[in-house]
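Here are my notes on this model, point by point. Have it open in your viewer as you read.

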Amino acid sequence: MSVLTLAVSLPSLKPPPCHDPNIENCKKASTLQLAVFYGALYTLAIGTGGTKPNISTIGADQFDDFHPKEKAQKLSFFNWWMFSIFFGTFFANTVLVYLQDNVGWTLGYGLPTLGLLISVSIFVSGTPFYRHRKPTGSPFTRMAKVIVATIRKWSVPLPSDPKELYELDLEFYEKKGNFRIDSTPTLSFLNKAAVRTSSTSPWMLCSVTQVEKTKQMVQMLPILFCTLVPSIMLAQVSTLFVKQGTTLDRAMGGSFEIPPTSLTGFVTFSMLVSIVLYDHYLIKVIKKWTKNPRGITLLQRMGIGMVLHIILMTVASLMERYRLSVARANGVAENGGQVPLTVFVLLPQFVLMGIADAFLAVAKLEFFYDQAPKNMKSLGTSYSTTTIGLGSFLSSILLKTMANVTKRNGHKGWILNNLNESHLDYYFAFLALLSLLNFIVFLFISKNFVYKAESNQEKTER
């Protein structure tokens, strides 16, 4: 962030100001300027990839599962964790965007840089007071050993009694502060890694607990794939939804005009309100019926978010059809002029996306954390952040593919630079159908999903 702030502040690190309406006549950024700017962006991306999965894990690890009060508080942790994240997002999409557009990029980048410095200082100063988990090595290596051992012993038959499988003494796990996990029939082919043979190599023989932890990570992969489509839906907010808004009247309160990027603030605000209502009121009502401490299961909460995605993309399709009809009626379809409609006609789809995320985004993060083994929690939460990144990539690929396919055989195409001549209503309807199909697959997978088993020791302590 410091380098980004310098890149938009120092004259030597940015192109000179240009007021020529033809951007081709402006002086382009030099190789050094581009290297500094993009280098800072990629460094920020790498840093975000390291902090996002880990810092939420550290926060959740501060609660003791064996302390009744702390265990109850932990059930609300991810709600308020996401609330704090999106409160920052709301500030960025409104205040910072306004400052960048009307004051300058130096202040726009300088404020979050200062905020980040303060946050790091607070985090470091609190380190001695945190509950820390001892490092146990790379989870990928432990999982790879199980997979390799399974492949190498593929022809070895499984014993009829799971107790004959290889397992370490209970004292070993107690010294490490871990729990022993009993063998389960789920993904039973991986149990071959624990079958005793003449070799005791860690790449030929794995303990039952190591096998079960690998199973827990593997069986979450189908759920991960089902959350890719919702991530594609989320990517529409900062792309097509915002571009829709640029074609409408964004005036508010006389001379003030809502910046296009700030339109995403409607999503964030509705999500913030939804999280508060869900955690303070809805859970209490549902718990009386379901007797579930969370109100509903995490997979059920994710399913509700997916249903809302289907509804919101249907609403977006209908609203886009209305926007196009107004554009044609006022003769601004071909020239791409502003459509005489207030931007607030898009409010339903922005608000629905926020409500959907209050269910899906929070439940997704908590699910991958909760179902991951004790010493693989960060890898579990990284599943959640991975789906967001992959969803953005898939959204771009899907958009380009649909644009090219619909242009074939002399057709104008659904997605053009001029949105008033495009058919985003068809594209949004396609996304609604895609969400419906994904939800059906999710129902099948979630119905057959087996929640991780507790160890005998955990059951006893609880």
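1. Burial first: I call a residue buried under 20% relative accessible area, exposed over 50%, and partly exposed in between (1.4 Å probe, protein chains only). On that scale E70 counts as buried, because its relative accessibility is 18%.

2. Ground rules: this is a predicted model, where local features need pLDDT of at least 70 and side-chain atom pairs count only at pLDDT 80 or more, while totals for chains, interfaces and linings use all residues. Residues are numbered from 1 along each chain as its sequence is written, and side-chain values use heavy atoms, with hydrogens and water left out.

3. Salt bridges: take one to be a side-chain nitrogen of Lys or Arg within 4 Å of a carboxyl oxygen of Asp or Glu, and the count comes to eight. E70 pairs with R131 at 2.7 Å, N to O. E70 sits in helix α3 (residues 68-102) and R131 in the loop between α4 (105-126) and α5 (139-152), so this bridge ties together parts 61 residues apart in sequence. Helices here are DSSP runs (H or I, at least four residues), numbered from the N terminus. R131, at 39% relative accessible area, is partly exposed.

4. K412 is exposed at 52%, whereas E421 is partly exposed at 25%. There is a network too, linking R294, E366 and D370.

5. Helix packing: α10 (residues 237-246) and α15 (residues 424-447) pack at about 150°, with axes 13 Å apart. That makes the two roughly antiparallel, a label for angles over 145 degrees. The axes are lines fitted to C-alpha atoms over the stretch in contact, and angles run from 0 to 180 degrees between N-to-C directions. L240, F241 and Q244 of α10 meet L424, Y427 and F428 of α15, contact being heavy atoms within 4.5 Å.

6. Backbone: which residues are worth a look for positive phi? L187 has phi near 50° without being a glycine, and K291 has about 60°, also as a non-glycine. L187 is in the loop between α6 (170-176) and α7 (208-218) and is partly exposed at 26%. K291 lies in the loop between α11 (265-290) and α12 (298-329) and is exposed at 68%.

Technical notes
Parallel < 35°, antiparallel > 145°, perpendicular 65-115°, else oblique.
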